[in-house]
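This report covers a chain, its interface with a partner chain, and a helix pair. The model comes up next.

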Amino acid sequence: MISHDEAARAAQESYGKLIAILAKGGVAIQDAEDALSEAFVAALRSWPSEGVPHSPEGWLITAARRKLIDGERSRSARQKHLADIVSVAFSARATDGIADERLGLMFACAHPAIDPGVRSPLMLQTVLGLDAGSIASAFLVSPAAMTQRLVRAKASLRDRGVLIEIPDHTQLAPRLDDVLSAIYAAFNAGWDATLVPSSSAHTLTSDALLLGDITRRLLADEPEALGLAALMRYCAARARARVDEHGRYVPLDRQDVGRWSRSMLAEAETLLREASRMGISGRFQLEAAIQSAHVHRLMHAHDNWAVILDMYEALVSISPTMGAMLGRAAALAEVAGAERALAFIDQLPQARAADHQPFWALRAELCARSGQLEAARNAYRRAIGLSDAQAIRAYLLEKLDALAMA
Amino acid sequence: MKFALIIYETPSQLAKRSSPDAPAYWAAWSAYNEAMKSAGIAAGGAGLQPPSTATTVRVTGDARHVQDGPYADTKEQLGGFFIVDVPDHDVANQWAARAPVHGGVVEVRPLMTM
C-alpha cells in the first residue's frame, strides 16, 4: 500500500508525462487533455472489475489515442476533478517507466508567444493536472477569466504549430530562463499564501518544487535549473518557522532555526554545489547562494553581511527586480548603515513602489533605525495597508504601536 | 476602470468596533484606506454604521413595509465599500485581497459606465 500523498504525487508525475507524450506528435494540448480525461473515466470504469493493467500509463495512452482517433472527444469531461480521477486511478501503483517528454511540454508552456502571466498557470494545468479553479485562486484571478486565458493560450500554441520539444542549443539559454521564471512565479504565488493555512494555494510551493525537480532531472547539466531547485528548497525549508505556535509572523532573523527542515537544506546545499561546479553563474544560483549565506549566518551566528551584499550587487547587475534591489538595500543597511540604504531605496522608481508591500516594510524599518520616527510610522501604515496576510499585518501593527510609544 | 470593493464583515469583526480591540481594528482599516489613496487608486467609498442601525423599506404595489435591521439575513454583513480606479479586474482582486476582513468577504464588482 502506498500512502495517499504518494499516490497523489505519482498521479501528478504521471499526468504531465501522458499529456506530453500525447501532444508530442503534433496533437493540440487541449485535445490531448480531453482525450486523457476520457481515458481516465474509462479506466475508473474498467480497472475496478478487470484489475489494474500491468502498465497503467501504457493502457491510458492507448485508450487516449483511440479517443483521439475516434474523434469521440466530448468537451464535458474536461478538467472535471481531474486531479481526483488521476489520484484514484494511480493509488494502486506507482508510475512505470514511460518516456518523459514533460520538459518539451514545459518549454511549450513558457513559449515566447504565451503571455508571461499565463505561463505558470499553463504549466500547473498541463504538466501537473491542476484544475483552473484552484490555479485562479492562487493567482487572485477570477476562475472564469483564468479558464479563458488557459484556453486561449493553448489555442495560440496550436495555431502557431508550437511543438513539444526542447529548443536547440542556440535557443536553449533564453528559453530555459523563461521556463525557470515561470516555475519561480508559481513558487512565489504559493509562498505568499503559506501564511494562510487554509488557503487553496498552500500546495503551490510543493507543486513548483516538483516542476523544478522535473526540469533539473531532465536538464542535469544546466546549472541554472539546479540553482532554482536549490533556491526553492532553501525557502521551503524555512516555511514552518515563518509563523510561531500562536500563528504570529516571525521574520527571518528571529526564526527558530530548529524548526528549519535540515533535510531540505542539505538537499539545497548539494544542488547548489553541483551547479557551481559547472562554472557558469546565473540569477537563480546567485539567489540560492544568498539564501545559503543567510542560513550560515543564522545557524552559526556568523556576520557575513559583506559577502551577502557582494552577491546582491552581482544579482542586481544581471536581474534588477524589485526583490533584488530591496535585498541589496537590507544588506547595505547592515554593512554601511540604514541612512545609506534609505538613500538607495528612495531612488527606486516610485511607480513600482506604490503598491509594493515589501518596499514600505523595509522603508519603515530603515527610517526607524535612522531615527526618522514620523516617516517610519507613515511607512509602517503604508505597509500594513498593502499586506494581504493577517499574520504580517498584525506583526507590522505591533511594530507601529511600539514606535508610537517611543 | 472603476470597481466597487464591497466589504462584508463577520459578527466578530463588527463587534471589534466597540471593544478594546477597536484601535487595532480601525488602524488596519485606515492603513488600507491610506494605502489606496497613496497608490492613487482611491475613487470614493464609505464605511457604514453597524447593521443594527439600519431600516429596511419595502414597497410592493401600494403596500409599504418598514423593518428594523439590515436587509440580508446572513452571517456576514455589509460594513462599507470602496471605489477604486485600477487598470483591470485582476488588480481590483489584488486590492480586495489586502482588505483586513479576517474571515469576511470582499465582493469585487465593476461599476457601470454612465
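Helices (H or I, at least four residues) and strands (E, at least two) are DSSP runs, numbered from the N terminus. This is a predicted model: local features need pLDDT of at least 70, side-chain atom pairs count only at pLDDT 80 or more, and totals for chains, interfaces and linings use all residues. Residues are numbered from 1 along each chain as its sequence is written, chains are lettered from A in the order in which they are written, and side-chain values use heavy atoms, without hydrogens and water.

**Chain B.** Chain B holds three helices and six strands. From the N terminus on, the order is β-α-α-β-β-β-β-α-β. The C-alpha trace of chain B spans about 45 × 45 × 20 Å along its principal axes.

Contact means heavy atoms within 4.5 Å. Buried area is the accessible area (1.4 Å probe) that two parts lose on being put together, summed over both. A salt bridge is a side-chain nitrogen of Lys or Arg within 4 Å of a carboxyl oxygen of Asp or Glu.

| Item, chain B and chain A | Value |
|---|---|
| Residues of chain B in contact | 17 residues |
| Residues of chain A in contact | 16 residues |
| Buried area | about 1400 Å² |
| Share on carbon and sulfur atoms | 58% |
| Salt bridges | one salt bridge |

Which residue forms a salt bridge with B:D90? The partner is A:R149, with the closest N and O atoms 2.8 Å apart. On the side of chain B that touches chain A, α2 (22–38) and α3 (89–97) of chain B each supply at least two residues. The largest share, seven residues, comes from α2(B). That side divides into 11 nonpolar (Ala, Val, Leu, Ile, Met, Phe, Trp, Tyr, Cys and Pro), two charged (Asp, Glu, Lys and Arg) and four polar residues (the others, Gly among them).

**Helix pair in chain A.** The axes of α5 (residues 102–109) and α9 (residues 169–193) of chain A come within 9 Å and cross at roughly 85°. Axes are lines fitted to C-alpha atoms, for helices over the stretch in contact, and angles run from 0 to 180 degrees between N-to-C directions. α5(A) and α9(A) are therefore roughly perpendicular (65 to 115 degrees). A:M106, A:F107 and A:A108 in α5(A) meet residues of α9(A), including A:L172 and A:R175.

Definitions and conventions: Parallel < 35°, antiparallel > 145°, perpendicular 65-115°, else oblique.
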